[in-house]
Amino acid sequence: MHEIELKARAKINLTLDVISKRPDGYHNVEMVMQTINLYDHITIRKMRAPGIKLKTDLKWLPEDERNLAYKAAKLMVETYNIDQGILIELKKRIPVAAGLAGGSSDAAAVFVGLNILFNLNLSKNKLMNLGVKLGADIPYCILTGTALAQGIGEKLTKLPPMPFCYVVIAKPPISVSTAHVYRSLNVEEISFHPNTQEVIEGLQKGDLRHIARNLGNVLESVTIKEHPIIDNIKNTLVEYGALGALMSGSGPSVFGLFENHKDAQAAAKELRLHSKAKDIFVTTIFNRERV
Ligand code: ATP
């Protein structure tokens with residue numbers, strides 16, 4: 001095989017709870033994660049000339065070691081002594097720095113892609129153990145589907161697949177630094193914790209409404225205070241028929257869950273016309289396993 005094409009899919013958080021602050025400055029979290037069908041396109045090609053080359057279609061995205069896709073390739077090349085050259089082409093579709101784990105998912109796709117391209121026969125667990133060296137969300141992006149993430153996000157338990165639904169994603173034109181959001185959060189003062197167990201029960205029963213009623217993200221308390229537009233978008237999504245709406249990760253992306261495609265499209269249209277959000281997508285949840 002000379003070349004491989006992959007879809008690097010985004011994730012949303014059905015829940016995001018912060019349990020405690022760790023001595024190393026990280027936080028212990030509890031999150032129900034779900035993959036969605038919004039993805040970057042990645043092509044990896046074997047090259048004659050040695051070395052790693054990355055090309056992206058986003059002018060301002062770094063194409064060197066600062067890019068997670070490059071970092072993943074470098075780690076694989078060094079760990080498994082790959083001596084052939086590699087060209088990675090990345091077409092970005094997932095909004096950057098949006099709470100959708102776009103960079104982590106690109107890295108995950110590179111781990112999976114190189115494993116196949118060079119017949120390394122590494123297990124998914126092996127890839128996940130390598131992935132966590134670059135970022136806490138990467139093991140989940142290798143696993144994909146519906147999962148509970150604990151620890152700093154790297155301890156994963158598979159959950160029953162989320163029932164099919166449409167997802168509207170809207171990213172307002174603001175930048176949110178994940179580090180700033182976590183720094184601003186006082187764990188002792190969190191007044192509302194999401195009911196993770198209820199969401200898991202909803203998954204076990206295959207009850208979309210039960211899941212949607214119990215969505216929750218403690219980081220909203222920080223990000224919405226600074227950017228009320230996130231709340232406005234949530235309200236519009238619910239007004240237009242979303243069963244539930246929530247900020248994903250540390251934001252600023254917001255998602256709404258819909259049973260009905262027409263409602264999802266109408267909500268997206270309304271946001272395109274009357275909100276400041278520019279990046280708006282109608283997609284679906286994704287549950288098939290990658291590896
Ligand atoms: P998370 O949900 O895991 O916090 P995110 O969706 O908020 O992630 P990313 O899109 O992964 O954020 O980007 C975060 C930062 O990582 C950006 O500042 C960006 O410059 C850098 N980055 C490095 N590699 C990539 C990549 N392949 N795609 C997007 N961003 C990347």
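Predicted model: local features only at pLDDT ≥ 70, side-chain atom pairs only at ≥ 80, totals over all residues.
A shell of 19 residues surrounds the ligand, and the closest of them are Asn 67, Ala 97, Ala 101, Gly 103 and Asp 137. Sorted by class, this shell consists of 8 nonpolar, 6 polar and 5 charged residues. Helix α2, which spans residues 102-117, contributes the largest share of the shell, with 4 residues.

In the side chain of Asn 67, an N or O atom is 2.9 Å from a nitrogen atom of the ligand. Lys 92 has a polar side-chain atom that lies 2.9 Å from a ligand nitrogen. For Asp 106, a polar side-chain atom likewise lies 2.9 Å from a nitrogen atom of the ligand. Taken on its own, the ligand has 610 Å² of accessible area, and the protein covers 76% of it.

The loop between β4 and α2 deserves attention next. Ala 101, one of the residues closest to the ligand, is placed in this loop. Its phi is near 60°, a positive value in a residue other than glycine. Most residues other than glycine have a negative phi. Ala 101 counts as buried because its relative accessibility is 12%, and the limit for that class is under 20%. Leu 100 also lies in the loop between β4, residues 85-91, and α2. With a relative accessible area of 1%, Leu 100 is buried. From Leu 100 to Asn 125 there are 25 residues in sequence, and their C-alpha atoms are 23 Å apart in space.

Asn 121 has its place in the loop between α2 and α3, the latter comprising residues 124-131. The phi of Asn 121 is about 55°, although the residue is not a glycine. Is Asn 121 buried or exposed? Asn 121 counts as exposed because its relative accessibility is 72%, and exposed residues are those over 50%.

Attention may now turn to the second largest pocket. This pocket has a volume of about 410 Å³. Its lining comprises 24 residues, and those nearest its centre are Phe 192, Asn 217, Val 218, Glu 220 and Ser 221. By class, the lining has 9 nonpolar, 9 polar and 6 charged residues. Four elements each supply at least two residues of the lining, namely α7 (208-213), β8 (216-217), α8 (220-226) and β9 (244-247). The largest share, 5 residues, comes from α8.

Strand β8 can be examined residue by residue. Asn 217, one of the residues nearest the centre of the pocket, has its place in this strand. Asn 217 is buried, with a relative accessible area of 3%. A polar atom of the Asn 217 side chain lies 2.9 Å from the backbone oxygen of Met 247. Gly 216 is likewise in strand β8, and it is buried at a relative accessible area of 2%. Along the chain, Gly 216 and Gly 244 are 28 residues apart, while 9.7 Å separates their C-alpha atoms.

Beyond strand β9 comes the loop that connects to β10, residues 254-258, and Ser 250 is found there. At 6% relative accessibility, Ser 250 counts as buried. The side chain of Ser 250 makes a polar contact of 2.9 Å with the side chain of Thr 178. Pro 252 is also found in the loop between β9 and β10. A cis peptide bond, with omega of about 0°, joins Gly 251 and Pro 252. Most peptide bonds are trans.

Lys 59 lies in the loop between β3, residues 52-56, and α1, residues 68-79. Its relative accessibility is 87%, so Lys 59 counts as exposed. Lys 59 and Lys 171 are 112 residues apart along the chain, and their C-alpha atoms are separated by 20 Å.

How values were computed
Residues numbered from 1 in each chain as written. Heavy atoms only, no water. Near = heavy atom within 4 Å. Polar contact = N/O pair within 3.5 Å; in protein donor to acceptor, adjacent residues only side chain to side chain. Areas by Shrake-Rupley, 256 points an atom, 1.4 Å probe, with all protein chains shown as cover. Nonpolar A, V, L, I, M, F, W, Y, C, P; charged D, E, K, R; others polar. 1 Å grid on protein atoms, 1.4 Å probe; cavity = no way out; pocket = protein on both sides within 12 Å on 5 of 7 lines; lining within 4 Å. Points joined across faces, edges and corners; volume = space filled by probe spheres on them. Buried < 20%, exposed > 50% of the residue type's maximum accessible area, 1.4 Å probe, protein only.
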